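New notebook page, new structure.

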Amino acid sequence: DVVAAQLSEGDPRTLYMKLTRPYRRTAPVLLHHVPKDPDGRSGYADTVRMAWRSPFGGRAAALGRAINGSVLVTDSDQTEQDLFVDVALGRLDQAIVSEARAGCLGGQFPHLRVTEPLARSAALVFGVRSNARKLLGSLNAWLRDAENAEPITEIVAAYSGRPYAGKLVRSPRPALHGAGISPFDSTFRKHAAMMSFDWRLLAAVAFGESGFDPTAVSHKGAFGLMQMMPGTAGRLGLDSLDLIDQQVKGAAMYLAILDSMWMRRIPDQEERLNFVLASYNAGPGHVLDAVRLAPGLGLDPGRWEEHVERAMLLLALPEFYLLPEVELGPARGSDTFLYVRQVRHVFRYYLTLEPIEQGADTLARS
């Protein structure tokens with residue numbers, strides 16, 4: 001009865017429909033990866049794809065001029081979501097999508113960015129059957145009613161926004177003068193013997209999990225310095241996570257278990273650490289789902305960066321988390337994507353610091 005898609009007047013799909021009055025507007029933007037060059041600018045591809053089903057059909061030449069003057073914009077038979085996935089996986093450098101689609105999907109792909117609008121916005125409408133005159137009238141009356149303006153705005157806002165605009169990694173706190181990396185360094189050293197990694201990994205995890213705040217509590221129920229879940233603590237045989245010592249002990253035990261779990265599949269320790277950290281954040285089951293998903297996407301299941309991390313991002317989309325090789329269903333892959341990069345960045349930084357034999361650890365003892 002009703003087509004609720006990104007339909008606009010002039011769309012060839014609307015030839016045999018009746019169209020309502022506009023319910024929102026959306027503009028075209030260029031979707032691209034976070035620039036890697038030092039000046040922060042992203043180069044332009046010679047050819048950029050745009051879904052022929054987009055609201056900007058017939059404006060390809062003008063959009064190409066808006067990008068760089070000489071860019072060829074071609075219509076693709078893919079949907080805007082397909083284009084989003086191809087850019088996310090690195091199959092395409094760039095694509096033109098609508099602000100509406102970028103707002104809906106962008107937060108799930110923190111390594112992607114969009115430009116400012118390339119051209120004027122297009123009005124989006126609903127489509128109904130040509131003979132559904134009463135339905136058309138009712139929809140238009142609902143859209144015209146001033147009392148509906150606020151709820152319509154709220155509904156649109158729930159599916160809007162901008163792609164992730166934050167940093168892929170945050171700079172760690174500088175070492176505390178005379179007190180080591182944190183007040184808990186001696187506790188990290190004490191329990192690091194359980195792992196095959198340097199004790200500063202525990203410090204990097206604590207920074208990533210709680211910012212060294214032993215009172216932190218997440219919306220999922222994880223709490224404390226290392227943000228351990230009560231269920232995980234129970235499986236590790238810990239009596240209590242209220243004590244900082246138990247938090248760090250539990251984290252060291254869990255990291256060691258995860259390291260053993262991934263050892264056969266990922267022999268190289270440096271690479272394996274990525275999978276260990278991802279598992280600490282999301283649970284090993286979701287990471288295994290991403291590993292199983294990777295080959296079908298043309299990604300290497302034994303490499304994390306730009307490979308399994310990208311498969312992890314797609315676990316937020318139904319067409320991927322409903323595939324038979326995905327056993328645990330949806331996951332917030334963007335959180336794990338950022339977490340691994342952040343902890344690795346902080347760990348590398350901490351490894352450059354001069355070893356300090358006497359950690360402050362005053363809060364740990366209290």
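Entry 1: I began with Asp1, whose side chain meets that of Arg129 in a salt bridge, 3.0 Å from N to O. A reminder to myself: this is a predicted model. Asp1 sits in the segment before β1 (2-7) and Arg129 in strand β9 (residues 122-129), so the pair ties together parts that are 128 residues apart in sequence. Asp1 is exposed, at 65% relative accessible area. Arg129 comes out as partly exposed, at 41%.

**Entry 2: other salt bridges.** How many salt bridges does the structure hold? I get 12.

Next I picked Asp11, which forms a salt bridge with Arg13; their closest N and O atoms are 2.8 Å apart. Buried or exposed, I asked about Asp11? Asp11 is buried, with a relative accessible area of 6%. Arg13 is partly exposed, at 28% relative accessibility.

**Entry 3: the open sheet.** Which strands make up the open sheet, and in what order? There are five, running β6-β5-β7-β4-β8, and the pairing is mixed. At the edges I find β6 (72-76) and β8 (112-114), each of which pairs on one side only. From one strand to the next the twist averages 30°.

Helix α1 (residues 60-67) packs on this sheet and touches β4, β5, β6 and β7. Its direction makes about 135° with that of β6. I looked up helix α2 (residues 80-88) too: it lies across β4, β5, β6, β7 and β8, and runs at about 145° to β7.

**Entry 4: a closer look at β7.** I wanted to know how covered strand β7 (residues 94-98) is, and found five of its five residues buried. Which way do the residues of β7 point? Gln94, Ile96 and Ser98 go one way, Ala95 and Val97 go the other, and all are buried.

Then I checked the neighbours of β7. Strand β4 (residues 28-33) pairs with β7 in the antiparallel sense, over five bridges. In that pairing I looked up Pro28, which stands opposite Ser98 in β7. Strand β5 (residues 47-51) runs parallel to β7, and two bridges join them. There, Arg49 has Ala95 in β7 as its bridge partner.

**Entry 5: a loop residue.** Where does Ala216 sit? I found Ala216 in the loop between α7 (200-210) and α8 (230-235). Ala216 is buried, at 15% relative accessible area; the cut-off for that label is under 20%. I then asked what touches Ala216, leaving aside its neighbours within four places in sequence: Ser210, Ala222, Phe223, Gly224 and Gln227 are in contact with it. I also took one distance: Ala216 and Met226 are 9.0 Å apart from C-alpha to C-alpha, and 10 residues apart in sequence.

**Entry 6: a patch on the surface.** Last stop, the outside. Trp142, Ile155 and Tyr159 form a nonpolar patch there, with about 350 Å² of accessible area together. I followed up on one of them, Ile155, which lies in helix α5 (residues 149-158). With 49% relative accessibility, Ile155 counts as partly exposed, because the exposed label needs over 50%.

Note on methods: Residues are numbered from 1 along each chain as its sequence is written. This is a predicted model: local features need pLDDT of at least 70, side-chain atom pairs count only at pLDDT 80 or more; totals for chains, interfaces and linings use all residues. Side-chain values use heavy atoms; hydrogens and water are left out. Buried means under 20% relative accessible area, exposed over 50%, partly exposed in between (1.4 Å probe, protein chains only). Helices (H or I, at least four residues) and strands (E, at least two) are DSSP runs, numbered from the N terminus. Two strands pair if DSSP finds at least two bridges between them. A salt bridge is a side-chain nitrogen of Lys or Arg within 4 Å of a carboxyl oxygen of Asp or Glu. Contact means heavy atoms within 4.5 Å. Patches are made of residues with over 30% relative accessible area and no salt bridge: like charges are joined within 9 Å, nonpolar side chains (Val, Leu, Ile, Met, Phe, Trp, Tyr) within 5 Å. Accessible areas come from the Shrake-Rupley method with a 1.4 Å probe; for residues, only the protein chains shown count as cover. Axes are lines fitted to C-alpha atoms, for helices over the stretch in contact, and angles run from 0 to 180 degrees between N-to-C directions.
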